[in-house]
Amino acid sequence: MNAVDPAACRETLGKLLADEVDLLSRMEAQLQLEHQMLADNDVDGLEAAGKLRQDCVARLLRLEDERRALCRALDYPTDLAGVEKLVLWCDPQRSLLPALQECATRATRCREQNDRNGVLVGARLKRVAGMLGMLNPKGRDAQVYGPAGAGLSASSHIGSRIAARA
């Protein structure tokens, strides 16, 4: 069925999984650091941290592309089930399963940490919007949707209708 040597496949997949575990570990630490920076209002630190996070995401995407290419080359699906089948084929001792499980666990923790950071950012934005509304109570118009679906304040929407009639 497959012309590739299972041992060579196991070696390649093992390297990809080890690199992914390393990058996911870094990503998890980065997201924890960003959470602390968000809590401390460290805007400058967040800017630099965002660049590091983006670099890590780009590297993770490249690894995922390599893993998918390996699956495709051996006629396996490119999803998690396909990777598991590939492991079963090339690694009868199941020595790669712990690394695959660690990738899944770390990816879940990264997603949870990212969601936690997103909630904190959202709460901050809502608080800032509320404070701005208190500073400019006349600017607190109800929001309506324009023809293209963009949010407009009620006063700007009415004003544009009046201007369009003139």
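Arg53 touches Met27, Gln30, Leu31 and Glu34 once residues up to four places away in sequence are set aside, a contact being a pair of heavy atoms within 4.5 Å. This arginine lies in helix H2, where helices (H or I, at least four residues) and strands (E, at least two) are DSSP runs numbered from the N terminus. With a relative accessible area of 25%, Arg53 is partly exposed; buried stands for under 20% relative accessible area, exposed for over 50%, and partly exposed for what lies in between (1.4 Å probe, protein chains only). Arg53 and Leu31 are 22 residues apart in sequence, and their C-alpha atoms are 7.8 Å apart in space.

A word on the basis of these values is in order. The model is predicted, so local features need pLDDT of at least 70 and side-chain atom pairs count only at pLDDT 80 or more, while totals for chains, interfaces and linings use all residues. Residues are numbered from 1 along each chain as its sequence is written, and side-chain values use heavy atoms, with hydrogens and water left out.

The predictor's confidence in each residue is given as pLDDT, from 0 to 100. Its mean over the chain is 85, and 80% of the residues reach 70 or more. Helix H1 (residues 6–39) has the highest confidence, at 96, whereas helix H5 (residues 154–165) has the lowest, at a mean of 43. Over residues 154–166 pLDDT stays under 50, and for this stretch the model has six contacts beyond four places in sequence.

As for the overall layout, five helices and two strands make up the elements of the chain. Read from the N terminus on, their order is α-α-α-α-β-β-α. Of the 166 residues, 28% count as buried. Among contacts between residues at least 6 apart in sequence, 59% join residues at least 24 apart.

Cys56 is buried, with a relative accessible area of 9%. Leaving aside neighbours within four places in sequence, Cys56 is in contact with Leu23, Arg26 and Met27. Cys56 and Leu23 are 33 residues apart in sequence, yet 6.6 Å apart in space, C-alpha to C-alpha.

Helix H4 brings another arginine into the picture, as Arg106 has its place there. Arg106 is buried, with a relative accessible area of 17%.

In helix H3 (residues 80–90), the buried residues are Gly82, Val83, Leu86, Val87 and Cys90. Seen down the axis of H3, these buried residues fall within an arc of 145°, so they line one face of the helix; the arc is that of the directions from the helix axis to the C-beta atoms. The buried residues of H3 pack against H1, helix H2 (43–73) and helix H4 (97–135).

The largest pocket has a volume of about 630 Å³. Of the 25 residues that line this pocket, Glu20, Leu24, Glu64, Ala107 and Arg111 are the closest to its centre. On a 1 Å grid over the protein atoms alone, a pocket is an open set of points where a 1.4 Å probe fits, with protein on both sides within 12 Å along at least five of seven lines, and lining residues have an atom within 4 Å of a point. Grid points are joined across faces, edges and corners, and the volume is the space filled by probe spheres set on the points. H1, H2, H3 and H4 each supply at least two residues of the lining, with the largest share, nine residues, coming from H2. By class, the lining has 14 nonpolar, four polar and seven charged residues; Ala, Val, Leu, Ile, Met, Phe, Trp, Tyr, Cys and Pro count as nonpolar, Asp, Glu, Lys and Arg as charged, and the others, Gly among them, as polar.

Two loop residues deserve a brief look at their backbone. Most residues other than glycine have a negative phi. Asn41, however, has a positive phi of about 55° although it is not a glycine. Asn41 sits in the loop between H1 and H2 and is exposed, with a relative accessible area of 53%. Asp75, also a residue other than glycine, has a positive phi near 60°. The place of Asp75 is in the loop between H2 and H3, and Asp75 is exposed, with a relative accessible area of 62%.
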